[in-house]
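Work through the following exercises with the sequence and the coordinates open beside you. Each one gives a task and then a solution in steps.

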Amino acid sequence: MSHARKSPVLPKSSWLSSSSRPRRDKSPVIESVIHTLRGERVILDADLAKIYGVTTKVFNQAVKRNREKFPLDFMFMLARQEVLNLHNSDLEQDAS
C-alpha cells in the first residue's frame with residue numbers, strides 16, 4: 001500500500017517526535033524524491049519515512065492516528081501500473 005504526499009512541505013504538527021522531523025538542510029533530498037503522478041507533485045510514503053528516519057510502517061501508522069490533521073486529499077493509493085512506471089523510471093535514471 002503506497003501513499004503519496006501532494007506537497008513537498010510537511011505540515012507542522014506533533015504527530016512525529018521532534019527528533020524525527022526533517023532538518024531544513026534536507027531540501028535537495030526532498031526535491032529529489034518528488035514525482036509527478038496524475039498531474040500532481042507527490043512524495044511516496046517510503047521516501048517521507050526515510051526523510052523522517054522512521055520505517056514506512058511507523059510513518060503510515062502516525063498518519064492514520066492523526067488523520068484529522070491532514071486534508072482529505074493528503075494521500076492516495078497508487079495503481080499497480082503507476083508503481084511499475086515509477087520503478088521503471090527510477091531504473092532508467094540510475095542507468096544514465
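**Exercise 1: the surroundings of A49**

Leaving out residues up to four places away in sequence, A49 touches V54, T55, T56 and F59, where contact means heavy atoms within 4.5 Å. The model is a predicted one, in which local features need pLDDT of at least 70 and side-chain atom pairs count only at pLDDT 80 or more, while totals for chains, interfaces and linings use all residues. Residues are numbered from 1 along each chain as its sequence is written, and side-chain values use heavy atoms, with hydrogens and water left out.

Task: determine in which helix A49 is placed, and whether A49 is buried or exposed.

Solution. Step one is to assign the element: A49 lies in helix α2, helices (H or I, at least four residues) and strands (E, at least two) being DSSP runs numbered from the N terminus. Step two is the accessibility: A49 has a relative accessible area of 0% and is therefore buried, given that buried means under 20% relative accessible area, exposed over 50% and partly exposed in between, with a 1.4 Å probe and protein chains only. Step three is a distance along the fold: A49 and N60 are eleven residues apart along the chain, and their C-alpha atoms are separated by 8.4 Å.

**Exercise 2: how α2 is covered and how it packs**

Task: find which residues of α2 are buried, and at what angle α2 and α3 pack.

Solution. Begin with the burial of the helix, of which six of the eight residues are buried, so α2 is mostly covered; these are D45, D47, L48, A49, I51 and Y52. One of them, I51, counts as buried because its relative accessibility is 8%, and its C-alpha atom is separated by 7.7 Å from that of I30, 21 residues apart along the chain.

Turn next to the packing: the axes of α2 and α3 are 8 Å apart, at an angle of about 100 degrees, where axes are lines fitted to C-alpha atoms, for helices over the stretch in contact, and angles run from 0 to 180 degrees between N-to-C directions. The two helices α2 and α3 are therefore roughly perpendicular to each other, the class that covers 65 to 115 degrees, with angles under 35 counted as roughly parallel, over 145 as roughly antiparallel and the rest as oblique. On the side of α2 the contact is made by D45, A46, L48, A49 and Y52, and on the side of α3 by T56, F59 and N60.

**Exercise 3: an aromatic pair and the core**

Solution. The structure holds two aromatic pairs.

The largest nonpolar core has 13 residues, of which I30, I43, F59, V63 and F74 touch the most other members, a nonpolar core being a set of buried Ala, Val, Leu, Ile, Met, Phe, Trp, Tyr and Cys residues joined through side-chain atoms within 4.5 Å. Another core, of six residues, lies apart from it and includes L37, L44, F76 and L78.

**Exercise 4: E82 and R38**

Task: locate E82, and say which residues E82 contacts beyond its neighbours within four places in sequence.

Solution. E82 is placed in helix α4 (residues 80-95) and counts as buried because its relative accessibility is 15%. Beyond those neighbours, E82 is in contact with R38 and M77. R38 belongs to the loop between β2 (34-37) and β3 (40-44), and its phi is near 55 degrees, a positive value in a residue other than glycine. Most residues other than glycine have a negative phi.

How values were computed. Rings of Phe, Tyr and Trp (its six-membered ring) pair if their centres lie within 6.5 Å; planes under 30 degrees apart count as stacked, over 60 as edge-to-face and the rest as tilted.
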